[in-house]
Amino acid sequence: MYDLLDKVNSPADIKGFSKDELKRLCAEIRDYMVQCCSRNPGHLASSLGAVEIITALHYVYDTPEDKIVFDVGHQAYAHKILTGRREAFTDIRTKGGLSGFPKRQESPYDCFGVGHSSTSISAAFGIAEAVRMQGRNEKVVAVIGDGALTGGLAFEGINNAGASKSDLLIILNDNNQSIDGNIGGLHNHLLRMTTNPAFNRMKEKVWNSMGETSARSFFQRWSRSFKSWLVKRSGGDLFESLGFRYFGPVDGNNIVQLTETLEKLRKMNGPRVLHCITRKGKGYAPAEADPTTWHAPGRFNPETGERIKQNYEVDRYQDVFGEVLLELARKDSRVVGITPAMASGCGMSLLAKEMPERFFDVGIEEEHAVTFAAGLAVGGMRPFCNLYSAFSQRAYDQIIHDVALQKLPVVLCFDRAGLVGEDGATHQGAFDLAAYRSIPEIRIIVPRNEVELKNAMYAALEQEDGPIIIRYPRGRGEGTGWRSFEPITGKPYGAEKLAEGQDIAVLGIGPAVNRAVEASDRMKGLGCGSVAVYDMRQLKPIDTETLDTIAKEFRKIVTVEDGTLKGGLFSAVCEYLGEKEFDGRIKGVGIPDKFIAHASQKQQQADCGLDTDSLTKLLQNLSQKE
């Protein structure tokens, strides 16, 4: 179907292409991406914008011997297509299919697995140093976007790599459209001058001839000042001051200019940065017009760009959070919202629109977000800091030292907790319950539905001493009438019994409790015994009075949670009842001790035994055993 792309099974196949053929190849890659992602949704706009950068890198460099390290991986679809995974790309992000992100186990071309932000420079620096110490000749390139560059780890890597004089090239993929006007004659002239081989040979000869003299120091200062003046409008000052040679900016969607520039830069040594201006969604008009929506658009008609929307009657948890947060902000002038670059994804865009002065998007900086929230709390505000569960792991130290240790009333809202579906192992919110349960002075609430999420947010605002974690899943709720619900205030936040039974007690937290209630109902219909179901509602402090009652009435207990079994609710119940010398049987259902690969949420839940069918079978087997 594609004249050029169908012939490409590895980067070696594009080495002999002419510049015109490279242009056509990039167009075919874009069309192939659009066609595939229209049927099988993925991260589209970022990858569309990076097609030329990736194609040029594979054209100039000798991968997989030369190493390309991507940041996050949202932009890496062209990389997968060019490296022998073109046909498999049609099933990307499905169970058993390609990962949505670079993954070492998937291909030798994926030299470093990613999924989270700001790791590329540190990883590439490490690879480059390993290459140097072992006397090998591979080149190493880090590809990082302007968004990921805001992360603190990226700056730590830049600082270390620049000081070491490591042989590392950083490609800054800058798709901030406001910079487009900066590409002009002056910048192109600077690019030609600074990458010119003769110019660089002359510079090195002059430098080496001076030796360690005062003249060399003077020349160094003059050179830096002069070059700083030349490139300051293009953003080069930062990199130059940290020890990198800065080149650009170049048009990152111009394959001819990119290949010519990279051919020159590949011959150089030392730390250097190539600043590329790209257009997110490039080549597909709907994505160019609205790159935020088309970052992950879902299914759509590739010809018209019309997104295929399903009519849902049930709200998403992120929408519940956003509306309740705005409601709380209207009631209490101390309430503020903080997000690390996820305003629309977490629902906080509502607060941003109505009360922009009480909304803070801090960029991809989870550590800073938490400590910033701590400072706001010290100053008398009530911050609601929203982090995706998997990304909260980066702020673990700050949660302990800056929030919990000081008993500050910071509300940490963990979105996308539990199993997240197609994004896979890098994004599973599996570890938060186990990670944060061990921290003193912290309270962890796990709502089972939209009403309980609203109730938890109101309860969090009432707590004046110490932090609260509220964790809730990705996707849609249970269809409760949460908007008309009046939150319970001023009362203890204990467990709630949802189903009566005498034979087995199921203790759950989060949405998995709803599946346990469904399994209990099925058990009654099958005549297999009666199962009581308790929503523990809160992991820490756990409701010990209810646990004492259950231990007296039942010999068989099942815990259910959409978090890792090791360290979560199952561990908490076993620890407490073990101290009470409970002599019955406790069975845990949750995420096992392994990384969960990409698949749909329902498939992942079934694989972990968290769906209604699996729970029913487990309860049937348990009821038949003495």
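**Salt bridges, sheets and a helix**

The salt bridge count here comes to 38, where a salt bridge is a side-chain nitrogen of Lys or Arg within 4 Å of a carboxyl oxygen of Asp or Glu. Before going on: this is a predicted model, in which local features need pLDDT of at least 70 and side-chain atom pairs count only at pLDDT 80 or more, while totals for chains, interfaces and linings use all residues. Residues are numbered from 1 along each chain as its sequence is written, and side-chain values use heavy atoms, with hydrogens and water left out.

Take Arg 266 and Asp 62, whose side chains form a salt bridge at 3.6 Å, N to O. Arg 266 sits in helix 11 and Asp 62 in the loop between helix 3 and strand 1, so this pair ties together parts that are 204 residues apart in sequence. Helices (H or I, at least four residues) and strands (E, at least two) are DSSP runs, numbered from the N terminus. Arg 266 has a relative accessible area of 24% and Asp 62 comes to 40%; both count as partly exposed. On that scale, buried means under 20% relative accessible area, exposed over 50%, and partly exposed in between, with a 1.4 Å probe and protein chains only.

Another pair is Arg 555 and Asp 583, at 3.0 Å, N to O. Arg 555 is in the loop between helix 22 (544-553) and strand 16 (556-564), and Asp 583 is in the loop between helix 23 (569-579) and strand 17 (585-591), 28 residues apart. Arg 555 is partly exposed at 40%, whereas Asp 583 is exposed at 62%. Salt bridges with shared partners also join Lys 15, Asp 62, Asp 66 and Arg 266 into one network.

Five strands make an open, parallel sheet in the order 1-2-3-5-4; two strands pair if DSSP finds at least two bridges between them. Which strands stand at the edges? They are strand 1 (67-70) and strand 4 (245-251), each with a single partner strand, so one side of each has no neighbour in the sheet. Neighbouring strands are turned by 20 degrees against each other on average, direction ignored; axes are lines fitted to C-alpha atoms, for helices over the stretch in contact, and angles run from 0 to 180 degrees between N-to-C directions.

Strand 1 pairs with strand 2 over 4 bridges, in the parallel sense, and Phe 70 stands opposite Val 143 in strand 2. Both faces of strand 1 are covered: Lys 67 and Val 69 are buried on one side, Ile 68 and Phe 70 on the other. Strand 2 (140-145) is joined to strand 3 (169-174) by 5 bridges, with Ala 142 opposite Ile 170. Helix 3 (51-60) packs on this sheet, touching strands 1, 2, 3 and 5, where contact means heavy atoms within 4.5 Å.

The other sheet has 7 strands, is open, and runs 7-6-8-9-11-10-15 with mixed pairing. Its edge strands are strand 7 (359-361) and strand 15 (538-540). Strand 9 (411-417) and strand 11 (468-473) run parallel, joined by 5 bridges, and Phe 414 is opposite Arg 471.

Last, helix 20 (450-462). Is this helix mostly covered or exposed? Mostly covered: 12 of its 13 residues are buried, including Glu 450, Lys 454 and Tyr 458.
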